[in-house]
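Here are my notes on the model, point by point. Please read them with the coordinates open.

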Amino acid sequence: MSSTHVGTGGWAGAAWWVILFTALTVLFIKYVICIILEPIWWKPMRIVRKMQSQGIKARPYQLLGGDFPEMMKLVEAAQSEPMTVISHDIVPRILPFLGPWCASLGTIYVFWLGTASPTLNVVDPEMIKEILSTKSSCFQRAASEKKVLNEFIGKGIFTIEDDEWTHHRRIINSMFHTEKLKGMVGTMVTSTDKLMKRWETLDQKDSCYEVEVCEEFYKLAMDIFSRTAYGNNHKQLKKFGRLQVELKKLVLSPSQIVWTIVIPGYSILPTPNNRHINRIKRNMNRILDEIIQARLQRAESGKLRDYGNDLLGCLLYESEAGDHETKGRKKLSINDVIDESHSLLFAGHDTTANLLTWTIMLLSLHPQWQESARNEVLEICNGKPIDDEKLRGFKIVTMILQEVLRLYPAVADLTRVAVKNTTIQGWIIPEGLQVWMPILQLHRDPEQWGDDALEFRPDRFAGGVSKACKNPQSYIPFSCGQRTCVGQTFAMMEAKVALSMILQRFSFQLSSKYKHGQATRGVLHPQFGMPVIFHKLTSFE
Ligand code: HEM
């Protein structure tokens with residue numbers, strides 16, 4: 001009797017355990033499914049449905065990398081050969097998917113830029129203004145872009161947000177104050193002068209020099225940036241620059257970008273490419289560390305006040321090496337200074353080097369503009385060295401640079417992600433939706449720029465940006481809003497100094513070896529180089 005009683009109780013107890021176990025297992029499976037499915041399916045599909053309910057079409061969902069692998073394939077195909085004619089119609093080459101997708105889906109549509117990352121294509125200047133300026137607090141840099149940038153330049157001003165960004169931006173801004181910039185003109189002149197003297201020592205025929213200007217301007221811009229922002233370390237930074245070029249080729253190759261975006265943690269896998277990338281990064285960090293340690297020692301020995309007043313000095317002053325109070329703000333670590341230096345050294349020279357390169361190409365193709373610019377420079381300089389006041393007098397040179405930045409902007413597109421629900425120009429933008437703004441396309445929109453949008457016509461800027469196009473927000477080579485380019489005035493000064501000095505000493509034309517083609521690796525650059533023939537002007541001898 002008692003044994004039967006105990007037996008029934010045992011079965012009942014066991015049954016309860018089975019029910020409990022089954023319920024917990026079901027809950028656990030549901031929880032795991034939610035954790036997996038919510039970010040990769042439910043949330044992105046909710047976002048897409050929200051956009052579709054507003055009449056916006058969407059490309060079909062694809063899991064791994066979304067449309068990105070296909071976009072990269074189209075880009076590789078479009079850039080496989082040089083262009084057969086010299087034309088500025090380069091959107092089909094740089095963003096080849098844009099035309100076909102706009103034709104089938106309209107100008108505003110959703111595509112998938114990365115895994116489970118619905119992205120709205122935005123070309124309306126008023127929407128762009130809200131995203132970048134008036135409602136910028138609702139947006140941040142997109143995760144897929146941060147992933148690739150982290151791989152290339154590490155954690156720095158481009159990838160940080162909120163208070164950390166405000167802190168770094170304030171430090172970096174301090175280098176670009178008007179008075180400090182004026183003091184940098186002399187360094188810009190000295191570096192450019194050295195470059196041109198070197199050209200004159202090259203093999204020559206009838207006072208002509210053939211120069212690969214991409215490389216030359218890359219070296220010039222690095223020399224100027226390292227002297228103005230990092231003190232007397234141009235030799236070490238020249239080496240750093242060469243390593244950065246090598247790193248850029250590896251990290252920003254289409255296949256590496258696709259793998260980085262598609263496979264989480266791809267960069268830590270010990271593939272031959274990743275090992276090579278890590279070796280280069282270690283060497284680059286070593287160079288920066290040596291420069292920083294040397295600066296700290298000079299400050300300790302009393303040879304420098306506050307670590308110096310260049311950009312490196314400002315960063316070190318705000319770092320844990322600095323012994324002043326930071327009013328509750330976290331000090332930068334030396335690693336933060338190294339990371340930030342990767343970003344600044346990249347942004348500080350690659351962009352300006354390409355601006356100069358495209359300018360030389362366009363002035364070679366348009367000798368009448370080359371001549372007008374030269375006449376202006378000769379008249380203003382009148383044989384005297386360039387200074388800040390003369391730079392401000394260059395009207396034609398400024399218009400030319402503005403037009404070059406319209407047709408060949410260093411940054412071809414911008415991406416952001418909505419971090420809260422918001423409304424932009426009447427469209428409801430749900431949290432999690434990415435927005436993609438193709439600057440290249442915006443700068444060529446005939447609605448904004450007229451039927452001659454694809455032509456090089458610097459005079460469209462004669463009355464300023466507001467008169468050059470219907471809506472001034474259609475011109476954003478330096479972006480706009482709070483994350484606008486911190487170095488834009490520096491870049492324009494540097495380009496004016498270099499261009500005006502070249503114009504005074506040489507006339508130039510494209511070499512017969514030049515092949516027209518563009519690609520983006522970090523910035524928009526000539527895919528097949530830019531060989532140019534420089535003729536020494538007799539008036540300068
Ligand atoms: C022709 C030359 C240049 C062009 C066309 C250019 C363009 C741009 C653009 C479009 C952005 C916005 C990027 C984005 O939000 O995704 C940007 C940001 C930035 N640029 Fe430039 N840039 C140039 C030169 C420079 C120079 C010389 C520096 C010097 C350090 C610099 C430093 C930066 C920095 C630090 C940012 C990030 C700002 C932030 O997120 O707060 N740029 N630039």
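**Notes on the model**

1. Helix 9 passes helix 23 in a right-handed crossing. A crossing is right-handed if the near helix is turned clockwise from the far one by less than a right angle, and left-handed if anticlockwise. Helices (H or I, at least four residues) and strands (E, at least two) are DSSP runs, numbered from the N terminus. The axes of helix 9 (residues 185-199) and helix 23 come within 9 Å and cross at roughly 40°. Axes here are lines fitted to C-alpha atoms, for helices over the stretch in contact; angles run from 0 to 180 degrees between N-to-C directions. Helix 9 and helix 23 are therefore oblique to each other. Under 35 degrees counts as roughly parallel, over 145 as roughly antiparallel, 65 to 115 as roughly perpendicular, and the rest as oblique.

2. This is a predicted model: local features need pLDDT of at least 70, side-chain atom pairs count only at pLDDT 80 or more, and totals for chains, interfaces and linings use all residues. Residues are numbered from 1 along each chain as its sequence is written. Mean pLDDT (the predictor's confidence in each residue, from 0 to 100) is 92 for the chain, and 96% of its residues reach 70 or more. The scores are ipTM 0.99 and pTM 0.92.

3. Which residues come nearest the ligand? They are A347, T351, S479, C485 and G487, out of 23 around it. A residue is near if its C-beta atom, placed from the backbone, lies within 6 Å. Helix 7 (162-173), helix 15 (334-347), helix 16 (350-365) and helix 23 (488-505) each give two or more residues to this shell. Helix 16 gives the most, with three.

4. By class, the ligand shell has 16 nonpolar, five polar and two charged residues. Ala, Val, Leu, Ile, Met, Phe, Trp, Tyr, Cys and Pro count as nonpolar; Asp, Glu, Lys and Arg as charged; the others, Gly among them, as polar.

5. Six strands form an open, mixed sheet in the order 1-2-3-9-6-4. Strand 1 (57-58) and strand 4 (139-141) stand at the edges with a single partner strand each, so one side of each has no neighbour in the sheet. Strands pair if DSSP finds at least two bridges between them. Strand 4 and strand 6 (residues 414-418) run antiparallel, joined by three bridges. F139 has A418 in strand 6 as its bridge partner.

6. Strand 11 (residues 518-521) and strand 12 (residues 523-526) pair antiparallel over four bridges. R521 stands opposite V523 in strand 12. The two strands form a hairpin with one residue between them; G522 in the turn has a positive phi of about 80°.
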